[in-house]
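Dear colleague,

I am handing over a structure that will be new to you. Please look through it first; my account of what was found follows below.

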Amino acid sequence: MPLHKGPEQADKRPATVNPFYGEANPVSGMTEAPPQHRLPDGPLPPSTAYQLVHDELMLDGNSRLNLATFVTTWMEPQAGVLMAECSDKNMIDKDEYPRTAELERRCVAMLADLWNAPDPSAAVGCSTTGSSEACMLAGMALKRRWAKRNADRYPGARPNLVMGVNVQVCWDKFCNFWEVEPRLVPMEGDRFHLDPQAAAELCDENTIGVVGILGSTFDGSYEPIAELCAALDELQSRTGLDIPVHVDGASGAMVAPFLDEDLVWDFRLPRVSSINTSGHKYGLVYPGVGWALWRSAVELPEELVFRVNYLGGDMPTFALNFSRPGAQVVAQYYTFLRLGREGYRAVQQTTRDVAMGLADRVEALGDFRLLTRGDQLPVFAFTTAPDITSYDVFDVSRRMRERGWLLPAYTFPENREDLSVLRVVCRNGFSSDLAELFVEDLGSLLPELRQQQHPLARDKGAATGFHH
């Protein structure tokens with residue numbers, strides 16, 4: 001979560017209150033407007049408090065038009081009702097809410113089966129607040145297993161984790177918080193993610209694991225997990241180093257099983273020890289819920305699992321958080337039950353079709369060059385064509401925001417910092433009709449952008465809309 005500090009100066013203007021917010025007499029509610037940065041001296045009527053908050057939130061962007069986020073922005077009303085009914089249930093209280101705990105267990109079992117665990121009944125897993133927490137847990141398990149194997153050298157030796165430079169920022173946080181050296185495979189040319197052979201060459205006796213990304217946030221492409229495992233197999237045959245793989249399937253682990261069934265990336269590969277996904281991304285659930293699964297109990301060191309006598313029951317738990325709502329877990333089970341395999345396949349295929357169709361339409365405008373086409377994750381990235389010099393992607397992002405579209409523009413990391421792109425994330429609820437409106441708005445801006453003398457976004461660091 002972002003860190004916040006208090007206001008630099010005291011409130012100069014308290015929040016204003018509309019006279020109509022009074023319960024009955026419009027004048028009665030106007031005695032004092034509430035402050036913004038300290039607790040009010042007294043209470044407000046609930047309708048007044050609601051309206052003040054509601055009005056301020058109107059200035060947020062429209063989540064349905066947010067093409068930056070992977071997070072689900074639409075669910076069925078029935079799911080919303082279930083979530084409201086469970087908003088007061090603490091997910092950690094397994095003994096008090098045994099059916100909620102049972103639904104969590106069923107979700108883990110369903111994912112173990114979906115991801116082809118050799119023995120789904122032996123796989124272990126848990127829900128989390130999202131993929132970031134799930135990645136932290138997976139990284140902790142990798143480090144602890146490495147430390148046990150190297151007890152004669154650790155803590156003297158410094159562990160390292162190999163991954164592509166395109167990984168989500170949670171992996172940088174993991175390495176920082178748990179004192180692990182990040183070893184990053186750089187981008188090269190038109191390769192925007194990890195190269196299997198380059199990853200294997202970065203491994204040594206202090207490598208706790210290699211992270212493969214099934215769906216890069218930079219461009220929506222899958223990393224070649226099977227080829228990565230093969231490169232590590234060859235490394236083991238030469239050196240004896242047995243390096244496990246964690247698959248960060250934050251998005252792709254809920255797309256590939258339904259649309260790319262022949263793609264081998266999951267527990268079918270013996271080297272894959274753990275997988276995570278975000279239920280609140282292509283798992284089709286409101287935030288925040290994620291899932292972390294290990295092939296078997298062997299991959300999750302027992303000493304990391306806490307067994308707590310909490311509120312009347314013995315409870316094994318593996319989490320960074322403790323109290324959190326059970327509503328999202330219930331919503332995940334509802335969605336699994338509601339859609340099944342065929343339903344998920346239909347939803348994800350529709351989303352991919354929208355992404356690929358929209359990518360073609362953007363390319364047809366003539367001003368842009370596609371980096372990806374939405375044929376893996378329903379996500380595509382594009383940049384301005386080489387002959388476009390009057391504007392850049394940051395100008396496009398800013399001008400599209402004027403129309404209500406939240407279209408992120410950002411620069412690629414080290415080795416390809418020369419490349420700035422726009423990225424479109426298509427999700428369930430982003431329909432063909434909305435895609436049509438997007439292309440119309442984008443096309444209508446181009447004549448004016450072409451007349452600029454030069455790009456207007458001087459500070460690209462400030463202009464970027466990409467933070468996740």
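**The second largest pocket**

Helix α3 gives the largest share of the lining of the second largest pocket, namely five residues. This is a predicted model, in which local features need pLDDT of at least 70 and side-chain atom pairs count only at pLDDT 80 or more, while totals for chains, interfaces and linings use all residues. Residues are numbered from 1 along each chain as its sequence is written, and side-chain values use heavy atoms, with hydrogens and water left out.

At least two lining residues of this pocket are supplied by each of α3 (98-114), β1 (124-128) and β9 (313-317). Helices (H or I, at least four residues) and strands (E, at least two) are DSSP runs, numbered from the N terminus. The volume of the second largest pocket is about 730 Å³. Its lining has 30 residues, of which Glu104, Gly125, Cys126, Pro316 and Thr317 are the closest to the centre. By class, 18 residues of the lining are nonpolar, five are polar and seven are charged. Here Ala, Val, Leu, Ile, Met, Phe, Trp, Tyr, Cys and Pro count as nonpolar, Asp, Glu, Lys and Arg as charged, and the others, Gly among them, as polar.

Pockets and cavities are found on a 1 Å grid over the protein atoms alone: a cavity is a set of points where a 1.4 Å probe fits but cannot get out, and a pocket is an open set with protein on both sides within 12 Å along at least five of seven lines; lining residues have an atom within 4 Å of a point. Grid points are joined across faces, edges and corners, and a volume is the space filled by probe spheres set on the points.

**The cavity**

The count by this rule is one cavity of 30 Å³ or more. The largest cavity holds about 50 Å³ of space. It is lined by Phe70, Thr72, Trp74, Lys281, Tyr282, Leu284, Arg427 and Asn428, a set of four nonpolar, two polar and two charged residues.

**Two helix pairs**

Helix α4 (residues 131-149) and helix α5 (residues 169-177) have axes that come within 9 Å and cross at roughly 40°. Axes are lines fitted to C-alpha atoms, for helices over the stretch in contact, and angles run from 0 to 180 degrees between N-to-C directions. The two helices are therefore oblique to each other; angles under 35 degrees count as roughly parallel, over 145 as roughly antiparallel, 65 to 115 as roughly perpendicular and the rest as oblique. In α4, Ser132, Cys135, Met136, Gly139 and Met140 meet Cys170, Trp171, Lys173, Phe174 and Phe177 of α5, where contact means heavy atoms within 4.5 Å. This contact has seven nonpolar, two polar and one charged residues.

For helix α9 (residues 327-364) and helix α11 (residues 432-450), the axes come within 10 Å and cross at roughly 20°, and the pair is therefore roughly parallel. Val354, Leu358, Arg361 and Val362 in α9 meet Ser432, Ala435, Glu436, Phe438, Val439 and Leu442 in α11.

**Backbone points to check**

Most residues other than glycine have a negative phi, and most peptide bonds are trans. The bond from Tyr154 to Pro155 is cis, with omega near 20°, and Pro155 is in the loop between α4 and β2 (160-164). Pro287 and Gly288 are also joined by a cis peptide bond, with omega about 0°. Asn116, a residue other than glycine, has a positive phi near 60° and sits in the loop between α3 and β1.

With kind regards
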